[in-house]
Amino acid sequence: AKYVDEAIEKGRNVILDIEVQGAGKVAEKRPDAIRIFIAPPSWQELERRLTERGTDTPDKIQGRLERAREEFDSAGDYDYVVINDTVEHAVGELEAIMIAEHCRSAERIAMLAQKV
């Protein structure tokens, strides 16, 4: 948390790759945090990706899919949803979100007020 606070104080964007429970805790501590839910393009694609990794048993994969569906139920609580169909597309959407957030009127007006 110390490093996150220091980075934010320096004006840097901070991206945390955390699960739904962790995101809830961050939102409690930092209500100004922007929450982005990363979703698979489809449940079939998610299952294919998990299976192709070859790191989990079929039972473990089913458990992961079940948890993913449960977590998806909370996607509406997030500020944005990015569909992870390709790395390039998902990264592009994340960049667009960061640009949009930095263009919010309050932030821009405060920045311009310092220059005028």
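**Charges over rings**

I began with R69, whose charged end sits over the ring of W43, 4.8 Å from its centre. The criterion I used is NZ of Lys or CZ of Arg within 6 Å of the ring centre and within 35 degrees of the ring normal. I also found R35 over the face of Y78, at 4.3 Å from the ring centre.

I note that this is a predicted model, where local features need pLDDT of at least 70 and side-chain atom pairs count only at pLDDT 80 or more, while totals for chains, interfaces and linings use all residues. Residues are numbered from 1 along each chain as its sequence is written, and side-chain values use heavy atoms, with hydrogens and water left out.

**Aromatic pairs**

I searched the whole structure and got three aromatic pairs. Rings of Phe, Tyr and Trp (its six-membered ring) pair if their centres lie within 6.5 Å; planes under 30 degrees apart count as stacked, over 60 as edge-to-face and the rest as tilted.

I looked at F37 and F72, an edge-to-face pair with 6.0 Å between centres and 70° between planes. F37 belongs to strand β1 and F72 to helix α4 (residues 58–72), so this pair ties together parts 35 residues apart in sequence. Helices (H or I, at least four residues) and strands (E, at least two) are DSSP runs, numbered from the N terminus.

I checked burial next (buried is under 20% relative accessible area, exposed over 50%, partly exposed in between, with a 1.4 Å probe and protein chains only). F37 is buried at 8% relative accessible area, whereas F72 is partly exposed at 39%.

I then took F37 with Y78: the ring centres are 5.3 Å apart and the planes at 80°, so this pair is edge-to-face. Y78 lies in the loop between α4 and β2 and F37 in strand β1, so the pair ties together parts 41 residues apart in sequence. Both F37 and Y78 are buried. Ring pairs link F37, W43, F72 and Y78 into a cluster.

**Helix α5**

I listed A90, I97 and E101 as buried in α5. Seen down the axis, the buried residues fall within an arc of 30°, so they line one face of the helix; the arc is that of the directions from the helix axis to the C-beta atoms. E88 and I99, on the other side of α5, are exposed.
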